[in-house]
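Hello,

Here is the structure I said I would pass on. My notes on it follow below.

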Amino acid sequence: MKNNSRLKDVLFTLAFPIGTWLIMEILCLTLKDVHAIKSMLDIKTIIRNTGIAAVTAYALSFNLHEGRFDLSLGAQRLAGTILGGLLAIKLGLTGFAFLLFAIIFGFIFGLLTGLAFIGFRVPPMVLGVGMALIWEVIPYVVSGGKGLNLFGAQGMGVLTESWFQILVVILMAIFVMILMNYTRLGYETKAVQGSQLIAQNSGINIFRHAVECYALAGALVCIAGVLDVSFTTQMSASLGNTSNGVVSANMFAMILGGYIGERSDQSIGIIVAALTLSIFKYALSMMQLSEANNSVVNMVIFIAFLVFQANRHVRKLHKEQRARVALAQEKKANRTEAVA
């Protein structure tokens, strides 16, 4: 029985990317007479998009699952990636050093954001907007408004390798899985998600926990920034709080990953969700949908999924309520008969 249950969970998890590919393959062949995925280049592109979406979704999940939407994550990604890349290039180091520097800068920016959150006690979204404006200025000033350009930089070729991107995503999945299931932080996260007041009354330092979540989110989102700039070769230094869109766009992967992860693990669910959405978006582009129309279709499906999530337990709750009412009526009838 236990093996059957595990098999069902595995099939449920695999059904999302495989089912999405089959549906989109049929649509592409029917409407445009093209395959959804037709070359190794397409596969590499999907792998890269999956990696970026998965790591960004991991970063979002640390705070968003506890009710904190950090609107400065995009600016942390921008600042950590640009500063890490500029430092690695100046020192003549390789892509591995670039990744390490980006993680360190992201961790520092996330840590400072978390300290500001517990120090000023302002709502997370308000704090995020203010911190985003600050973090955006730093890479703009340091780079002289030029941002980061990896074109022609020595030692950065490893970043574009598919095996490197797959390895990074797998290591991140293992890291998040261990962190959430076998460490103090994971235990505290589950407790805080239930109730911050109860978690605090049980002895958990919710302020230290919040700072840790901010710091880890900053480090992870900069990994996504490195994976992104390794393909585009450049990242512009933007101002005016315009940097968070690329992070918010991966919220669907995080929420869908949480749903898929109910049958396995959240870290696995997020990767599967990111792969599913990457296949879906790429197939839409193969059907010659513009980027704007592609975003509209994704947002419509995202909203539909949110509606499903909000109402999927309603039928069960109504059934349980009717059962309780029927039981109460039966007991009342039995008491009436006993009195008579």
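**What was found**

The chain has 14 helices and 2 strands; these are DSSP runs numbered from the N terminus, with helices (H or I) of at least four residues and strands (E) of at least two. This is a predicted model, in which local features need pLDDT of at least 70 and side-chain atom pairs count only at pLDDT 80 or more, while totals for chains, interfaces and linings use all residues. Residues are numbered from 1 along each chain as its sequence is written, and side-chain values use heavy atoms, without hydrogens and water.

Along the principal axes, the C-alpha atoms fill a box of roughly 95 × 60 × 40 Å. Of the 340 residues, 44% are buried (under 20% relative accessible area, with exposed over 50% and partly exposed in between; 1.4 Å probe, protein chains only). Among contacts (heavy atoms within 4.5 Å) with a separation of 6 or more, 79% join residues 24 or more positions apart.

The accessible surface is about 17800 Å², and carbon and sulfur atoms hold 67% of that (Shrake-Rupley method, 1.4 Å probe; for residues, only the protein chains shown count as cover).

A nonpolar patch on the surface has about 910 Å² of accessible area together, and includes Phe96, Trp163 and Tyr182. Patch residues have over 30% relative accessible area and no salt bridge, and nonpolar side chains are joined within 5 Å; a salt bridge is a side-chain nitrogen of Lys or Arg within 4 Å of a carboxyl oxygen of Asp or Glu. Helix H6 (residues 162-182) gives the most to this patch, with 8 residues. Trp163 lies in helix H6 and is partly exposed, at a relative accessible area of 47%.

Regards

Key
Patches are made of residues with over 30% relative accessible area and no salt bridge: like charges are joined within 9 Å, nonpolar side chains (Val, Leu, Ile, Met, Phe, Trp, Tyr) within 5 Å.
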